[in-house]
Amino acid sequence: MADDDSRAGSRYATRPILDWCADTHAPHDAALARAFAPPDGVPAIMVGPSEGRLLALLCKLAGARKAVEVGTLVGYSTIHIARALGDGGHLWSIEFDPAHAAIARDNLAAADLSDRVTVVEGAGVDVLPTLEGHGPFDAVFIDADKLNYDRYGTWALANLRSGGIVLGDNAFLFGELLDDSDRGRAMRGFHELVAKACDSVCIPTPDGLVLGIKRT
Ligand SMILES: C[S@@+](CC[C@H](N)C(=O)[O-])C[C@H]1O[C@@H](n2cnc3c(N)ncnc32)[C@H](O)[C@@H]1O
């Protein structure tokens, strides 16, 4: 059940409630804890523990084996997704910053996932076309530069199998989704093209997570 306030989006979640739920449903092991605490100089801008767990469960529900991530950082969401893939699965994760990519590779080795994940260095728009031969894919997770979300979404929809899932983090654009800005237009374009090609929703995580299941 919901009441008027919660139906309209008000939240009962407090920080202690959110922490308790994350500890209960999505506890960190050593590998996740390591990737959640990047070294000095690397921003801690990864998804939260519950969002990471949500990504993993959605990939599991979709029966994902082959996945692509745009925006590795140091591999926190990468570990969640890679662990959720079926037998023989593989994740290609794209990262623009070589320093982030190097730390991610170390974190993935510590998680015993080096053979399941390829971290590809470069800009998403340049790297994505080079991955097409590995497709079609079962899941694409977008979590990088917001100006290109519409381009990443277009690529995802062209390279997912029917029934595959596209996920896009920061879908509320830090509160700026409706702004008259290039980022706002790109993010709204992403929402709209996913809504057109998929059964979709924007899950009201703290900054919004678009989920689309590609139609036939
Ligand atoms: C929000 S972080 C990714 C967090 C990660 N998905 C997680 O939750 O653990 C965004 C990452 O995208 C990278 N990035 C920025 N622009 C990019 C681009 N054009 N292509 C690929 N990666 C990019 C940044 O260097 C940064 O490491």
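Ala62 is buried, because 22 other C-beta atoms lie within 10 Å of its own; a residue counts as buried if 20 or more other C-beta atoms lie within 10 Å of its own, as exposed if 12 or fewer do, and as partly exposed in between, with C-beta atoms placed from the backbone. This is a predicted model, in which local features need pLDDT of at least 70 and side-chain atom pairs count only at pLDDT 80 or more, while totals for chains, interfaces and linings use all residues. Residues are numbered from 1 along each chain as its sequence is written.

Ala62 sits in the loop between α4 (49-61) and β1, where helices (H or I, at least four residues) and strands (E, at least two) are DSSP runs numbered from the N terminus. Leaving aside neighbours within four places in sequence, Ala62 is in contact with Asp138, Ala139, Gly164 and Ile165; two residues are in contact if their C-beta atoms, placed from the backbone, lie within 7 Å. Gly52 is ten residues from Ala62 along the chain, and their C-alpha atoms are separated by 16 Å.

## Strand β2 and its partners

Strand β2 is largely enclosed by the rest of the structure, because five of its six residues are buried. On one hand, β2 runs parallel to strand β1 (residues 66-70), to which five bridges join it, and the bridge partner of Lys66 in β2 is His90. Two strands are said to pair if DSSP finds at least two bridges between them. Together, β1, α5 and β2 make a right-handed β-α-β unit, where right-handed means that, with the strands pointing away from the viewer, the path from the first strand over the helix to the second runs clockwise.

β2 also pairs with strand β3 (residues 117-121), in the parallel sense and over five bridges. Between β2 and β3 the chain crosses through helix α6 (residues 98-110), and this β-α-β crossover is right-handed. Two facing positions can be picked out: Trp92 stands opposite Thr118 in β3, and Ser93 stands opposite Val119 in β3.

## Around the ligand

Which residues come nearest to the ligand? Of the 18 residues around the ligand, these are Met46, Gly71, Tyr76, Ser77 and Phe96, and a residue is near a molecule or strand if its C-beta atom, placed from the backbone, lies within 6 Å of it.

The elements α5 (76-84) and β2 (90-95) each supply at least two residues of the shell around the ligand. By class, the shell has ten nonpolar, four polar and four charged residues; here Ala, Val, Leu, Ile, Met, Phe, Trp, Tyr, Cys and Pro count as nonpolar, Asp, Glu, Lys and Arg as charged, and the others, Gly among them, as polar.

## The nonpolar core

The largest nonpolar core has 58 residues, of which Cys59, Ala67, Val140 and Leu167 touch the most other members. A nonpolar core is a set of buried Ala, Val, Leu, Ile, Met, Phe, Trp, Tyr and Cys residues joined through C-beta atoms within 7 Å. Apart from its neighbours within four places in sequence, Val140 is in contact with Ala67, Val68, Ala156, Leu160 and Val166.

Val210, found in strand β7 (residues 209-214), is buried because 24 other C-beta atoms lie within 10 Å. With neighbours within four places in sequence left aside, the contacts of Val210 include Leu167, Phe190, Val194 and Cys202. His80 lies 130 residues from Val210 along the chain, and the C-alpha atoms of the two are separated by 17 Å.

## Backbone details and exposed loops

Most residues other than glycine have a negative phi, and most peptide bonds are trans. Asp112, in the loop between α6 and β3, has a positive phi of about 60 degrees although it is not a glycine, and Asp112 counts as exposed because it has 11 C-beta neighbours inside 10 Å. Phe174, in the loop between β5 (160-169) and α9 (182-197), has a positive phi of about 55 degrees although it is not a glycine, and Phe174 is exposed, with 11 other C-beta atoms within 10 Å. A cis peptide bond, with omega about 0 degrees, joins Gly135 and Pro136, and Pro136 is found in the loop between α7 (124-127) and β4 (137-142).

Ala8 belongs to the loop between α1 (4-7) and α2 (15-25), and Ala8 counts as exposed because it has 8 C-beta neighbours inside 10 Å. Ala8 and Ser114 are 106 residues apart in sequence and 43 Å apart in space, C-alpha to C-alpha.
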